[in-house]
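The following dialogue works through several features of one model. Please keep the sequence and the coordinates in view.

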Amino acid sequence: MSTVTGTPDRTSGTPAAPSDAPAAGTARLLRWWPATVLVVLIVAPYSALPLPGLLDGPVGSAGSLQLLATCLLFGALATGYDLLLGRTGLLSFGHALYFAAGSYATNTIMLEAGLPFAVSALVGVCFGIALALVLGSVSLRVTGIGFSMVTLAFAQAGSILVSRNPGGFTGGEEGRAAPAELLPSGLVGIEHTANLYWVALGYLVLTLAVVHWAVRSPTGRVWEGIKENERRVEVLGLRPYGFKLTAFVLAGALAALGGLVHLLLTGGSTPQTTTSDFTLSLLVMVVLGGSGTRWGPMVGGILYTWADHRLGDLAGSGAVADLPAVLRVPLSQPLFLLGVLFVAVVHLLPGGLARLPSRLGSALRARRGATRAGAAARKENRHS
């Protein structure tokens with residue numbers, strides 16, 4: 001038996017230490033947790049399990065599925081946005097523009113041209129991709145804070161354009177409802193909320209797959225190099241501009257597709273999705289979950305969206321209304337509660353929620369090591 005690694009010696013045939021077997025089994029099980037979670041999410045609409053405090057009704061109820069679908073949508077959107085922030089080191093304040101483009105373009109084509117949903121959706125997503133290509137090619141001419149300011153300027157221009165309601169195409173501050181007669185019949189009405197939920201889940205799975213593939217590709221490795229040291233990438237003979245534009249367009253394409261899913265979930269296009277506050281919410285989601293990690297942005301997006309809805313209900317509840325003013329005033333502001341949650345996570349968990357399992361594992365290993373060391377010391381003292 002090797003005293004260093006604890007692995008069996010080939011000449012002695014001594015089996016591995018019994019303590020290694022449970023650890024190996026646990027590691028194998030952990031590899032399958034994404035598939036297990038996916039199966040649970042797929043069958044969730046068939047469940048009547050109540051989750052008091054987490055959801056207003058049973059998991060399979062229309063209201064709960066609508067909330068869960070919204071959480072999945074923003075989990076996917078945050079994952080796509082992290083292609084810029086966490087993978088390439090680009091801080092964009094205009095990501096909401098491409099999300100809104102997918103929604104408004106699809107809706108406008110259906111309303112004004114009367115084209116079927118499938119054709120309108122294809123044109124709407126292509127419009128979002130083209131917009132990301134054009135604006136990205138301009139924005140990426142500058143770097144650092146200059147890039148962030150240019151993307152913010154484009155986003156503000158888009159938000160103002162939507163609010164001005166040119167030609168009556170955007171609906172101004174009220175937005176525009178989607179024509180129900182042109183939408184797929186299986187995606188309209190409360191009785192079809194489960195189908196909308198599965199659409200949001202499919203969008204999340206697609207986004208995770210695309211991001212995972214892109215990050216592990218040769219282009220993804222160049223993104224990592226750009227984030228660490230862009231000048232070094234240039235020295236290697238590569239042009240960072242093209243790689244950054246690829247990340248920008250891919251993130252914009254995923255955002256435009258998310259805008260299409262949002263159109264189906266809400267039944268219309270809303271001007272709130274065009275504002276810079278919307279992008280700032282995505283930034284908070286990514287930082288909350290863990291920027292640059294595989295699952296962190298998704299977890300942050302889901303948690304932030306759920307908290308945004310549930311804390312809003314808490315703020316307007318009778319329990320808060322009956323509290324003294326010193327507690328009622330701050331607790332009646334959902335943004336205050338979200339801010340406190342965000343500050344607490346950033347302060348207590350640097351690196352986001354994605355770092356929590358590794359931190360807990362390190363703490364447990366340190367505790368076990370201290371326990372074993374103490375036991376060995378006591379044993380040695382008894383023998384001496």
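**Reading a predicted model**

Q: Where does Asn165 lie?

A: Helices (H or I, at least four residues) and strands (E, at least two) are DSSP runs, numbered from the N terminus. Asn165 sits in the loop between helix H6 (145–164) and strand E1 (176–177). This is a predicted model: local features need pLDDT of at least 70, side-chain atom pairs count only at pLDDT 80 or more, and totals for chains, interfaces and linings use all residues. Residues are numbered from 1 along each chain as its sequence is written, and side-chain values use heavy atoms, with hydrogens and water left out.

Q: What is the phi of Asn165?

A: Most residues other than glycine have a negative phi. Asn165, a residue other than glycine, has a positive value near 55°.

Q: Which aromatic pair does Phe248 form?

A: Rings of Phe, Tyr and Trp (its six-membered ring) pair if their centres lie within 6.5 Å; planes under 30 degrees apart count as stacked, over 60 as edge-to-face and the rest as tilted. The structure holds seven aromatic pairs. In one of them, Tyr98 and Phe248 are edge-to-face, at 5.7 Å centre to centre with 80° between the planes. Tyr98 belongs to helix H4 (residues 96–113) and Phe248 to helix H10, so the pair ties together parts 150 residues apart in sequence.

Q: Are Tyr98 and Phe248 buried or exposed?

A: Buried means under 20% relative accessible area, exposed over 50%, partly exposed in between (1.4 Å probe, protein chains only). Both Tyr98 and Phe248 are buried, while Asn165, at 28% relative accessibility, counts as partly exposed.

Q: Which residues do ring pairs link into a cluster?

A: The cluster consists of Phe74, Phe99 and Phe278.
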